[in-house]
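Please open the model in a viewer and keep the sequence panel beside it. The stops below are given in the order in which they may be selected.

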Amino acid sequence: MDDRHMAEIIRLLEKELEQREIPIVSHLAEKHRDPFEILISTLLSLRTKDEVTAVATERLFALASTPEEMLRLSEEKIRTAIYPVGFYRRKAETIRTVCRDLIDRFHARVPATLDELLTLKGVGRKTANLVVSLGFNGAGLCVDTHVHRISNRLGYVRTKTPEETEFALREKLPRRYWSRYNTLLVAFGRNTCRPISPLCSTCPIARYCDRVGVTRSR
């Protein structure tokens with residue numbers, strides 16, 4: 001693709017998003033930009049469907065909405081609240097560990113920088129970037145499987161891993177698009193630019209796409 005078309009691609013994806021449901025963490029950020037809720041819901045969302053994450057987040061935050069309150073819950077109570085999210089036992093343990101760390105090292109507040117967030121056990125680059133971008137409206141660039149796949153399929157980057165994609169995008173994607181890029185591509189990847197047999201015939205950005213690696217489409 002011609003890099004000069006990115007502004008038009010973003011515009012078309014924004015228009016497409018008007019007809020779709022946005023990812024659950026993005027939805028929570030739009031309702032009330034609470035970095036702690038975004039951090040916890042992102043941890044819950046890993047390998048879990050949005051509808052399950054939404055209900056689990058609501059149940060958990062009805063019991064506790066701050067790191068201090070969360071630590072007063074037993075691990076078993078957290079497990080019960082978040083079930084059936086994927087790896088719910090491990091995530092319950094991670095939530096308590098993260099909350100303890102926030103209290104001990106950050107005065108019970110979620111840090112606003114990527115480097116500080118990455119020091120929290122169980123927080124990887126995807127989670128940290130999402131918290132920075134959605135929780136603080138900062139320069140976070142969250143790359144998950146959808147962002148990695150679509151950015152390469154378009155021909156905008158040529159990378160092998162999500163981490164490589166993040167750093168490649170940081171080099172060339174205009175910063176004004178960073179915080180929105182994940183939301184747009186996740187919704188687009190779930191509905192149109194699917195991993196197998198994407199819906200190229202109805203794709204709003206098909207004319208700009210190099211279709212790298214696409215062998216079958218609809």
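Select Arg47 to begin: this residue counts as exposed because its relative accessibility is 72%, where exposed means over 50% relative accessible area, buried under 20%, and partly exposed in between (1.4 Å probe, protein chains only). Arg47 sits in the loop between α3 and α4; helices here are DSSP runs of H or I of at least four residues, strands are E runs of at least two, and both are numbered from the N terminus. The phi of Arg47 is near 55 degrees, a positive value in a residue other than glycine. Most residues other than glycine have a negative phi, and most peptide bonds are trans.

The model is predicted, with local features requiring pLDDT of at least 70 and side-chain atom pairs counted only at pLDDT 80 or more, whereas totals for chains, interfaces and linings use all residues. Residues are numbered from 1 along each chain as its sequence is written, and side-chain values use heavy atoms, with hydrogens and water left out.

Two further backbone features may be selected next. Arg211, in the segment after α12 (178-191), has a positive phi of about 55 degrees although it is not a glycine. Arg211 is partly exposed, as its relative accessible area is 37%. Then move to Tyr83 and Pro84, which are joined by a cis peptide bond with omega of about 10 degrees. Pro84 belongs to the loop between α6 and α7.

**The nonpolar cores**

Which residues have the most contacts inside the largest nonpolar core? They are Leu39, Leu60 and Met70, in a core of 37 residues. A nonpolar core is a set of buried Ala, Val, Leu, Ile, Met, Phe, Trp, Tyr and Cys residues joined through side-chain atoms within 4.5 Å. To trace this core, colour the elements that give two or more residues to it: α2 (24-31), α3 (35-45), α4 (50-63), α6 (75-82), α7 (88-106), α8 (114-117) and α9 (125-136). Apart from this core lies another, of 28 residues, among them Met1, Leu185, Ala187 and Cys193.

Now centre on Leu39. Not counting residues up to four places away in sequence, Leu39 touches Val98, Leu102, Val110, Leu120, Val123, Thr127 and Val131, a contact being heavy atoms within 4.5 Å.

**Helix α3 against α9**

Display α3 and α9 together. Their axes are 9 Å apart and the packing angle is about 145 degrees; axes are lines fitted to C-alpha atoms, for helices over the stretch in contact, and angles run from 0 to 180 degrees between N-to-C directions. The contact involves Pro35, Ile38, Leu39, Thr42 and Leu43 of α3, with Thr127, Leu130, Val131, Leu134, Gly135 and Phe136 of α9. These residues divide into eight nonpolar, three polar and no charged, with Ala, Val, Leu, Ile, Met, Phe, Trp, Tyr, Cys and Pro counted as nonpolar, Asp, Glu, Lys and Arg as charged, and the others, Gly among them, as polar.

**Buried positions**

Remain on helix α3 and select Phe36. Phe36 counts as buried, since its relative accessibility is 5%. Leaving aside neighbours within four places in sequence, Phe36 is in contact with Phe61, Ser65, Thr66, Pro67, Met70, Cys99, Leu102 and Val110.

In helix α4, select Thr53. Thr53 is buried, with a relative accessible area of 0%. Beyond its neighbours within four places in sequence, Thr53 is in contact with Ile24, Ser41, Leu44, Ser45 and Thr48. Ile24 leads on to α2, whose buried residues are Ile24, Val25, Ser26, Leu28 and Ala29. The buried residues of α2 pack against α3, α4, α9 and α12.

Ala64 is found in the loop between α4 and α5 (67-71). At 0% relative accessibility, Ala64 is likewise buried, and Ala64 touches Glu69, Met70 and Leu73, not counting residues up to four places away in sequence.

**The cysteines**

Finally, how many disulfides does the structure hold? It holds zero, a disulfide being a pair of cysteine sulfur atoms within 2.5 Å. Cys193 is in no disulfide, and the nearest cysteine sulfur, that of Cys209, is 6.3 Å away. Cys193 is buried, with a relative accessible area of 8%, and Cys99 is buried at 0% relative accessibility.
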